[in-house]
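I set out to record the aromatic contacts of this model. The entries below follow the order of the look-up.

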Amino acid sequence: MCDHSKNIYLPQLATITDIVDETPDIRTFRLVFQDEAVRDSFTFRAGQFAEYSAFGAGEATFCIASAPTRPGYIECCFRAVGRVTEALRSLEVGETIGVRGPYGNSFPIEEFFGKNLVFVAGGIALPPLRTLIRQCLDWRDRFGDITIVYGARTESDLVYKRELKEWEERSDVRLVKTVDPGGNSPEWDGKVGFVPAILEDAAPSAGNSIALVCGPPIMIKFTLPMLEKLGFADEAIYTTLENRMKCGLGKCGRCNVGNVYVCKDGPVFTAAQVKAMPQEF
């Protein structure tokens, strides 16, 4: 086995073992490392990310969307929006991609033990929280109430539809799903409205609670004040920022916000840390 530790940019080879089309333009890959030693030794924490290579096209940054509690494979979820992601989308089950990582910090899950958890996500930003949701459900007895507020522009834009159904059917999870006004069909059985307003209606208690937020910048902009209104302290609110990340190692400088490098200092930050960042963010 070659020593990949000598070249920090050299990816490990992984086989695509399953593909799920979450929406018309969002796809999930399940990946298994080809090197058995790597497969057996690979570990990560919820919130970390990796670099995924389409050979000949380049690499793209996505979170690891599977749970650390489910070894043997990893999953990533991406939207085809450029050269690399279009090349990844063209691949089929059985083909090979490169994976580099894991990188970044993670959610301090051990600090959440015994607390109520409120997850707030919008659109394709559910995958960075799904890794933590799955881990928390695998360790369900270590947490209090679990509330998930998830919204998208339309019904078809909701990702992980099968898991949403599973979470909805669980008696130990409260799922509140919503679509933007006009994004619902006559058969839609969820809420209609923007995530911050639906969050206010859901009114999760801030007592002994942690809020975990991921979504488009506009959603985060209006969700953080709503959580404050509900009584959540900035230190009890966590978000994850995949902001312009490229190399994953703090070398290229594309993800820096002031003196913060999202790929090294993050991507997980508290609301207090986000507020301390320059307004350019």
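I counted 9 aromatic pairs, a pair being two rings of Phe, Tyr or Trp (its six-membered ring) with centres within 6.5 Å; planes under 30 degrees apart are stacked, over 60 edge-to-face, the rest tilted. The model is predicted, so I kept local features at pLDDT of at least 70 and side-chain atom pairs at pLDDT 80 or more, while totals for chains, interfaces and linings use all residues. Residues are numbered from 1 along each chain as its sequence is written, and side-chain values use heavy atoms, with hydrogens and water left out.

I looked up Phe49 and Tyr103: the ring centres are 5.9 Å apart and the planes meet at 50°, so this pair is tilted. Phe49 belongs to strand E3 (residues 49–54) and Tyr103 to strand E6 (residues 96–103), 54 residues apart; strands are DSSP runs of at least two residues, and helices (H or I) of at least four, numbered from the N terminus. Both Phe49 and Tyr103 are buried (under 20% relative accessible area; exposed is over 50%, partly exposed in between; 1.4 Å probe, protein chains only).

Next I noted Phe113 and Phe143, which are edge-to-face because their planes stand at 70°, with centres 5.7 Å apart. Phe113 is in the loop between E6 and strand E7 (116–122), and Phe143 in the loop between helix H3 (127–138) and strand E8 (146–152). Phe113 is partly exposed at 34% relative accessibility, whereas Phe143 is buried at 8%.

I also recorded a cluster of Phe29, Tyr52, Phe62 and Phe78, linked by ring pairs.
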